[in-house]
Amino acid sequence: MLTALFQRCVIVAGFGAILVSLSEFWFYQVTVDVNPALLLLGYGLLGWLFLTVVQQFHVTSLAGFIVAAALLGFLIEGVPVPVLYSELPMSILWTSLAWHGLITVGIGWYVFRRVMAHGGWAPAALYNVGLGLFLGLWNAYSWTARDTGAGGEVRFEWQHADGFIDQFLFGYALFLGGHLLFDRAYPKDVRFHRWEVLGLVTVAVAIAVLTAVGSGLIVPSLTLPVLVLGCVMALRRDRSHRQTGGVICPDHLHQNPIPLPRFALTGLIPVCAISVYNAMVEARIGFEANVLVILTAGPASVWLLVWAIRRIVRGPA
């Protein structure tokens, strides 16, 4: 009983911290009225649900993992908030697929572990520098850009970097702490029970219904169950091709721990991000990074999802 409880605490705290760092504290300016503990709990529960889905459908293929990551992105933006269906069809792409699915899960968890655990010091350092430069560029936009409402025109309101630095370092503590906890205590032997899967699904459905009713977007909210059903059907078909054998993706991803000294390289993320942010604010460089990210991560995330579904439909070679 205590072991099972500890396993789920590791999932909620560790995986939730990884998800919330990139999805919230490294994404935009979080207002003071937002409770960080509730954010962590929300992302932790959705991350728990994600891992139960991966285990229930025995996701061992890259295609299945991509579909599961997309499903998590849809849940993040469609269960506690109505972002997924607020501005259809663009809201399906941004931020569910392009940010949560590709950047948070893909780059912030999958690629991070692959590079840090299996690559050399040079690739690991390059990864952390690249992630820091990207986040500095993005936050220089997300913290200062304001929509004027005039045909999508944006104006930049320059502000002191102290608030950004404090929040980014808090996000870094979550990112580093989450990865350290998950790396060292990931429960490979965890077995999710049917009752807890049903419990998590029931809570998610109840919150999603309340969100849809509260937003007044009842009809557009039907987009969420359609997308979820599509992902579930794809995962069921993928499982039918792999009924025996194979290690599920999260277990495979955590087979080898990251050497502890290598975590020091993650310090390059805040160093590079804060440096870029300060440089752009001091020079008053109003770069609309959202255009760059949407035009790159957007098509990439769609291509990956289409590729994954086609691969699943075709079945094993």
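Is Arg146 buried, partly exposed or exposed? Arg146 is partly exposed, with a relative accessible area of 25%. Keep in mind from the start that this is a predicted model.

## Charged partners

A search of the whole structure turns up 5 salt bridges. In one of them, Arg146 meets Glu157, with 3.5 Å from N to O. Glu157 sits in the loop between strand E2 (154-156) and helix H6 (162-185), while Arg146 belongs to strand E1 (residues 145-147), so this pair ties together parts that are 11 residues apart in sequence. Glu157 is partly exposed, at 31% relative accessibility.

Glu157 also has a salt bridge with Arg155, where the N to O distance is 2.6 Å. Arg155 counts as partly exposed too, with a relative accessibility of 42%.

Another salt bridge joins Asp183 and Arg184. What is the relative accessible area of Asp183? The value is 7%, and because buried means under 20%, Asp183 counts as buried.

| Salt bridge | N to O distance |
|---|---|
| Glu157 and Arg146 | 3.5 Å |
| Arg155 and Glu157 | 2.6 Å |
| Asp183 and Arg184 | 2.9 Å |

## Aromatic rings

Now for the rings. A pair of aromatic rings is described by the distance of the centres and the angle of the planes. The count for this structure comes to 27 aromatic pairs. Take Phe27 and Tyr28: their ring centres are 5.9 Å apart and their planes stand at 70°, so the pair is edge-to-face. Phe27 is buried, with a relative accessible area of 14%, whereas Tyr28 is partly exposed at 31%.

How far apart are the ring centres of Phe50 and Trp109? The distance is 6.3 Å, and with the planes at 75° the pair is edge-to-face. This pair links distant parts of the chain, since Phe50 is in helix H2 (residues 36-56) and Trp109 in helix H4 (residues 90-118), 59 residues apart. Both Phe50 and Trp109 are buried.

Phe27 and Tyr28 also belong to one aromatic cluster, whose other members are Trp94, Trp99, Phe134, Trp138, Tyr141, Phe156 and Trp158.

Helix H3 (residues 62-78) has 17 residues. From its first C-alpha to its last, H3 reaches 24 Å, close to the 24 Å expected at 1.5 Å a residue. How many of the residues of H3 are buried? The number is 16 of the 17, so H3 is largely enclosed by the rest of the structure.

Helix H5 (residues 121-142) has 22 residues and reaches 31 Å between its first and last C-alpha, close to the expected 32 Å. Its buried residues include Ala124, Tyr127, Leu131 and Gly132. Trp138 and Tyr141 are also among the buried residues of H5, and both are members of the aromatic cluster described above.

Which residues make the nonpolar surface patch of about 620 Å²? They are Val201, Val205, Val209, Val213, Ile218, Val219 and Leu222. One of them, Val213, lies in helix H7 (residues 194-215) and counts as exposed, at 53% relative accessibility.

## Details of the backbone

Finally, look along the backbone itself. Leu88 and Pro89 are joined by a cis peptide bond, with omega at about 0°, and Pro89 has its place in the loop between H3 and H4. The peptide bond from Trp94 to Thr95 is cis as well, with omega near 20°; Thr95 lies in helix H4.

Two residues other than glycine have a positive phi. His58, in the loop between H2 and H3, has a phi near 45° and is partly exposed, at 23% relative accessibility. Arg284 has a phi of about 55° and lies in the loop between helix H10 (268-282) and helix H11 (289-314).

Methods: Residues are numbered from 1 along each chain as its sequence is written. This is a predicted model: local features need pLDDT of at least 70, side-chain atom pairs count only at pLDDT 80 or more; totals for chains, interfaces and linings use all residues. Side-chain values use heavy atoms; hydrogens and water are left out. A salt bridge is a side-chain nitrogen of Lys or Arg within 4 Å of a carboxyl oxygen of Asp or Glu. Helices (H or I, at least four residues) and strands (E, at least two) are DSSP runs, numbered from the N terminus. Buried means under 20% relative accessible area, exposed over 50%, partly exposed in between (1.4 Å probe, protein chains only). The expected span of a helix is 1.5 Å times one less than its number of residues. Patches are made of residues with over 30% relative accessible area and no salt bridge: like charges are joined within 9 Å, nonpolar side chains (Val, Leu, Ile, Met, Phe, Trp, Tyr) within 5 Å. Accessible areas come from the Shrake-Rupley method with a 1.4 Å probe; for residues, only the protein chains shown count as cover. Rings of Phe, Tyr and Trp (its six-membered ring) pair if their centres lie within 6.5 Å; planes under 30 degrees apart count as stacked, over 60 as edge-to-face and the rest as tilted.
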